[in-house]
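Colleague: I am new to this one. May I ask how each label was reached?

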Amino acid sequence: MQIVITTVPMNKNSFFYKAFNLYYEGFRNMTLGRTLWAIIIIKLFIIFVVLKLFFFPNFLKQHADGDEAGYVATELTDRAK
């Protein structure tokens, strides 16, 4: 059994080609943008990793003692009363 992979040439007037080319050329030619993207990535790292580690402890793991589903069910039913 032989697998043949063929590629379909993309029409240069199609929407997808124009959209891809816009982003490709834009990212390839940017100078100040690379610095801005680096700042954005560093900020996202700080937000999602550092803040998560230090300011949002795993409350459920500390209080459930292995039975997370039971703990949540108990808390929901007790608060509903």
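Colleague: Why is Arg28 called partly exposed?

Modeller: The model is predicted. In it, Arg28 has 47% relative accessibility.

Colleague: What makes the contact of Glu25 and Arg28 a salt bridge?

Modeller: Their side chains meet at 2.8 Å, N to O. The cut-off is 4 Å between a side-chain nitrogen of Lys or Arg and a carboxyl oxygen of Asp or Glu. The pair therefore qualifies, with its 2.8 Å within 4 Å. Glu25 and Arg28 are three residues apart in helix H1, which is about one helical turn. Glu25 is partly exposed, at 27%.

Colleague: How many salt bridges does the structure hold?

Modeller: The structure holds two. Arg79 forms one with Glu75, where the closest N and O atoms are 3.4 Å apart. Both residues lie in helix H4, four residues apart, about one turn of the helix.

Colleague: What labels do Arg79 and Glu75 get for accessibility?

Modeller: Arg79 stands at 68%. Exposed means over 50%, so Arg79 is exposed. Glu75 has 26% and counts as partly exposed.

Colleague: On to the rings. How many aromatic pairs are there?

Modeller: The count is four, with centres within 6.5 Å as the rule.

Colleague: Why is the pair of Tyr23 and Phe27 called stacked?

Modeller: The ring centres are 6.5 Å apart and the planes stand at 25°. Stacked needs planes under 30 degrees apart, so this pair is stacked. Tyr23 and Phe27 both lie in helix H1 (residues 15–29), four residues apart, about one turn of the helix.

Colleague: Are those two residues buried or exposed?

Modeller: Tyr23 is exposed, with 55% relative accessibility. Phe27 is partly exposed, with 43%.

Colleague: What makes the pair of Phe27 and Trp37 tilted?

Modeller: The angle between the planes is 50°, and the centres are 6.1 Å apart. Stacked is under 30 degrees, edge-to-face over 60, and the rest is tilted. At 50°, the pair is tilted. This pair links distant parts of the chain: Phe27 sits in helix H1, while Trp37 sits in helix H2 (residues 32–55), 10 residues apart. Trp37 is partly exposed, at 42%. Tyr23, Phe27 and Trp37 form one aromatic cluster.

Colleague: Which residue has a positive phi although it is not a glycine?

Modeller: Asp65, with a phi of about 55°. Most residues other than glycine have a negative phi. Asp65 lies in the loop between helix H3 (59–64) and helix H4 (68–80). Asp65 counts as exposed, because its 71% is over the 50% limit.

Colleague: What is the overall pattern of the chain?

Modeller: The chain has four helices and zero strands. Along the sequence the pattern is α-α-α-α.

Colleague: How do you know that the chain is more spread out than a compact globule?

Modeller: Its radius of gyration is 25 Å. The globule rule gives 12 Å for 81 residues. The value is well over that, so the chain is more spread out than a compact globule. The C-alpha trace spans about 65 × 50 × 30 Å along its principal axes.

Colleague: How many of the residues are buried, as a percentage?

Modeller: Buried residues make up 4% of the 81. The chain exposes about 8100 Å², and carbon and sulfur atoms supply 68% of that area.

How values were computed: Residues numbered from 1 in each chain as written. Predicted model: local features only at pLDDT ≥ 70, side-chain atom pairs only at ≥ 80, totals over all residues. Heavy atoms only, no water. Phe/Tyr/Trp six-rings, centres within 6.5 Å; stacked < 30°, edge-to-face > 60°. Helix = DSSP H or I, 4+ residues; strand = E, 2+ residues; numbered from the N terminus. Buried < 20%, exposed > 50% of the residue type's maximum accessible area, 1.4 Å probe, protein only. Rg over C-alpha atoms; globule rule 2.2 N^0.38 Å. Areas by Shrake-Rupley, 256 points an atom, 1.4 Å probe, with all protein chains shown as cover.
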